[in-house]
Amino acid sequence: MMDLKKLIAQHFPDDVVEVEGILKFTLRMPNEKIVHYLNIGCTNKNINKLTICVDHEDDEFAIELLKNDVEPLEEPITIINTEFKDKKFDSILMASGLYHRQLRGIVNENRSDFFLCLPIFKSEFFGNETEKDFLDTCAKFTPVYNWNREKNPKSVVAFSNPKTGGGTIKKGVVLAFPIIKREVNNMDGVENGTMLITNYKNEKIDIRSSAKNFSLKTNKIDLTLGNDELVNYIWDFISL
């Protein structure tokens, strides 16, 4: 079994400290500082938990996160609802080392035992992402290493606007809320506009536009809404 402390120290010789049993080391880039926290051999499964924050340090929160009793399931991604003392995040995501790329080239032995442990809002991930989907979400959609971020719900949207000609492929694409709001505004007053939204719980709402208002359907309700009412409903639907 490799000595992780010695291995990390070889790659970060001037910047490794131990904080309450957590190994802390920093990668300094030209435009940012990437702070790593590693809990070695934690939990009864003897796994290693890694978390990362960018451009600031928060030792107290990192310790709270990594010393949490959350353990990964057999799936590549585990999401557990939890509460943090001073943070607004509502869940912990653990991604297997076979999914994430952190410490690649440094830690290669037993990589499946190295779990990336992230504080998240549960609405930011579906939990069944493929490896590519997970990497794309972290790189392009949700700034998971920014612990001061606002909630950025993840949803799949398929829409068609006959007036502008705008739309998506039939199965939809992942869109951020500001873009969904923009497209709703674009459909305001448009006859026969359509939008199907699937949230992180795999629940769906079907929206149709007309010259006067929007109709919204789920498997439980059928509503007629104005523009602002619809936008507020969508936010609640994708984020709560």
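How many bridges join strand 10 to strand 11, and in which direction do these strands run relative to each other? Five bridges link strand 10 (residues 194–198) with strand 11 (residues 204–209), and the two run antiparallel. Please keep in mind as you look around that this is a predicted model.

- Six strands make up an open sheet, and their order is 9-8-10-11-12-13 with antiparallel pairing.
- At the edges sit strand 9 (173–175) and strand 13 (222–225), each of which pairs on one side only.
- Going from one strand to the next, the twist averages 30°.
- Helix 5 (residues 227–239) packs on this sheet, where it touches strand 8 (155–160), strand 10, strand 11, strand 12 (214–217) and strand 13.
- The direction of helix 5 makes about 165° with that of strand 11.

**Helix 2 and its neighbours**
- Helix 2 spans residues 59–66, and its buried residues are F61, A62, I63, L65 and L66.
- Those buried residues pack against strand 1 (16–19), strand 2 (22–28), strand 3 (33–42) and strand 4 (47–54), as well as strand 6 (91–95) and strand 7 (114–120).

**The largest pocket**
- The largest pocket holds about 460 Å³ of space.
- Its lining has 23 residues, and the closest to the pocket centre are F126, D133, K154, V156 and V174.
- Helix 3 (131–141), strand 8 and strand 10 each give at least two residues to this lining.
- Helix 3 provides the largest share, with six residues.
- By residue type, the lining of the largest pocket splits into seven nonpolar, seven polar and nine charged residues.

**The second largest pocket**
- The second largest pocket has a volume of about 230 Å³.
- Its lining includes N202, E203, K204 and I205, along with T218, N219, K220 and I221.
- Y233 and F237 also line the second largest pocket.
- Strand 11 and helix 5 each contribute at least two residues to the lining of this pocket.
- Sorted by type, the residues lining the second largest pocket are four nonpolar, three polar and three charged.

Methods
Residues are numbered from 1 along each chain as its sequence is written. This is a predicted model: local features need pLDDT of at least 70, side-chain atom pairs count only at pLDDT 80 or more; totals for chains, interfaces and linings use all residues. Side-chain values use heavy atoms; hydrogens and water are left out. Buried means under 20% relative accessible area, exposed over 50%, partly exposed in between (1.4 Å probe, protein chains only). Helices (H or I, at least four residues) and strands (E, at least two) are DSSP runs, numbered from the N terminus. Contact means heavy atoms within 4.5 Å. Two strands pair if DSSP finds at least two bridges between them. Axes are lines fitted to C-alpha atoms, for helices over the stretch in contact, and angles run from 0 to 180 degrees between N-to-C directions. On a 1 Å grid over the protein atoms alone, a cavity is a set of points where a 1.4 Å probe fits but cannot get out, and a pocket is an open set with protein on both sides within 12 Å along at least five of seven lines; lining residues have an atom within 4 Å of a point. Grid points are joined across faces, edges and corners, and a volume is the space filled by probe spheres set on the points. Ala, Val, Leu, Ile, Met, Phe, Trp, Tyr, Cys and Pro count as nonpolar, Asp, Glu, Lys and Arg as charged, and the others, Gly among them, as polar.
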